[in-house]
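Keep the structure open while you read.

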Amino acid sequence: MDKVKIFAPATVANVGSGFDILGFALEAPGDIIEMKKTPEKGIVISEVISEKPLSTELRKNTAGMALLKMYESKDIPFGIELKITKGVNPGSGTGSSAASAAGAVFALNQLLDDKFSEMDLVDFAMDGEIVASGARHADNVAPSILGGFTLVRQNEPLDVVKIPTPEKLYVVVLHPEIEIKTSDSRAILKSQISLSTAVKQWGNVAGLISGLFTNDYKLIGRSLEDYVVVPTRSLLIPMYDQFKESAMINGALGFSISGSGPSMFAMCEGKDNAESVKNALVKTIEQTNLLYNIHISKVSKEGCKMM
Ligand code: HSE
């Protein structure tokens, strides 16, 4: 194989209570990575098609950074050239930086006939996250590569676990068009929490995992509650509490911030439930001057894939 075209899905990280450890893949949107072998060694990003300008310089691009790490880890006997078409809005909180990095390492692995394991690919893609947020976290890149729900049990050495995805889980993603940089929304977080907060939090993380294994939708919903980062980060999102209230009174299982925001997500059981939650959120945001986009997606069992 001399060239590949890959779809890399957007993701929702944290999933409420699982800051930096939980995430899931969406069916759409996603980034498209087109990669081909070149005779001259090295990596070239020939083009990035994106609404917001993004660098083609390797060390300033999340895909470039992840690929550099992968390329330098083995003697790869060819060069590569890639084009990135962004489908995931940079700065939206739905894993934009991760999708490009995940798609890029997945693409190179196809050109190498699957030389690397999925865990290796997640590890390489985490280097891309440093460009975006200054931190090596895997909660977006893991679900983008593996699909479904993933749990990052440990970063060093990396240990990622796949969690089952209940069939009827739908997500409404609301993206108000305000800018929140991941690095800023990480910088405002408290570095310590009390023992009583930790106890409540790990109760919810465990409840969420249990609900995903047993298809207990109500348990999934009530376990999304986060006591650690959402109380601080929600202050950066205008009307966060009103959005949450309108989703919950219209039957959402749970509601939280997607990744570092500003996108928010409502977890729903079935498509009809997702449609009514979406309508309620539209009504609420239409009362503001905020520009926005909103969409419904199933939680996708598939991660990066060939197109
Ligand atoms: N876990 C990361 C954070 C995800 O919340 O900062 C960034 O999208």
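## Starting at I49

I49 sits in strand β3, which covers residues 43-49. This is a predicted model, so keep that in mind throughout. With a relative accessible area of 35%, I49 counts as partly exposed. Leaving aside residues up to four places away in sequence, I49 touches K83, I84, T85 and K86.

For a sense of distance, take D184, which is 135 residues from I49 along the chain: the C-alpha atoms of the two are separated by 25 Å.

## Two domains

Across the boundary, 29 residues of domain 1 are in contact with 35 residues of domain 2.

In soluble globular proteins, nonpolar side chains tend to be buried together. Here, the largest nonpolar core has 69 residues, and F24 and M267 are the ones with the most contacts inside it. Helix α2 (residues 96-111) gives the largest share of this core, 10 residues. Where does the core lie relative to the two domains? Domain 1 and domain 2 both give residues to it, so the core lies between them.

Not counting residues up to four places away in sequence, F24 touches A10, T11, V12, V15, P143, G148, F149, V171, F265, M267 and V299. There is also a second, separate core of 22 residues, with F243, F255, I257 and A266 among them.

## Salt bridges

The count of salt bridges comes to 16. One of them joins the side chains of D31 and K86, at 2.4 Å from N to O. D31 is in strand β2 (residues 22-38) and K86 is in the loop between β4 (79-85) and α2, so this pair ties together parts that are 55 residues apart in sequence. Are these two residues buried or exposed? Both D31 and K86 are buried. K86 is also one of the residues that I49 touches.

Next, look at E156 and R136, whose closest N and O atoms are 3.3 Å apart in a salt bridge. E156 lies in the loop between β5 (149-154) and β6 (159-163), while R136 lies in the loop between α3 (118-133) and α4 (141-146), so the pair ties together parts that are 20 residues apart in sequence. E156 is exposed, with a relative accessible area of 58%, whereas R136 is partly exposed at 22%. Both belong to a network of salt bridges that links K69, D123, D127, R136 and E156.

A further pair is E167 and K298, which form a salt bridge with their closest N and O atoms 3.5 Å apart. E167 lies in the loop between β6 and β7 (169-176) and K298 lies in strand β10 (residues 292-298), so parts that are 131 residues apart in sequence are tied together. E167 is partly exposed, with a relative accessible area of 48%.

## A nonpolar patch outside

Finally, turn to the surface. L195, V199 and W202 form a nonpolar patch there, with about 350 Å² of accessible area together. L195 is found in helix α6, residues 195-214. The relative accessible area of L195 is 64%, so L195 is exposed.

Notes:
Residues numbered from 1 in each chain as written. Predicted model: local features only at pLDDT ≥ 70, side-chain atom pairs only at ≥ 80, totals over all residues. Heavy atoms only, no water. Patch = residues over 30% accessible without salt bridge, like charges linked within 9 Å, V, L, I, M, F, W, Y side chains within 5 Å. Areas by Shrake-Rupley, 256 points an atom, 1.4 Å probe, with all protein chains shown as cover. Salt bridge = Lys/Arg side-chain N within 4 Å of Asp/Glu carboxyl O. Helix = DSSP H or I, 4+ residues; strand = E, 2+ residues; numbered from the N terminus. Buried < 20%, exposed > 50% of the residue type's maximum accessible area, 1.4 Å probe, protein only. Core = buried A, V, L, I, M, F, W, Y, C linked by side-chain atoms within 4.5 Å. Domains from an automatic or database assignment. Contact = heavy atoms within 4.5 Å.
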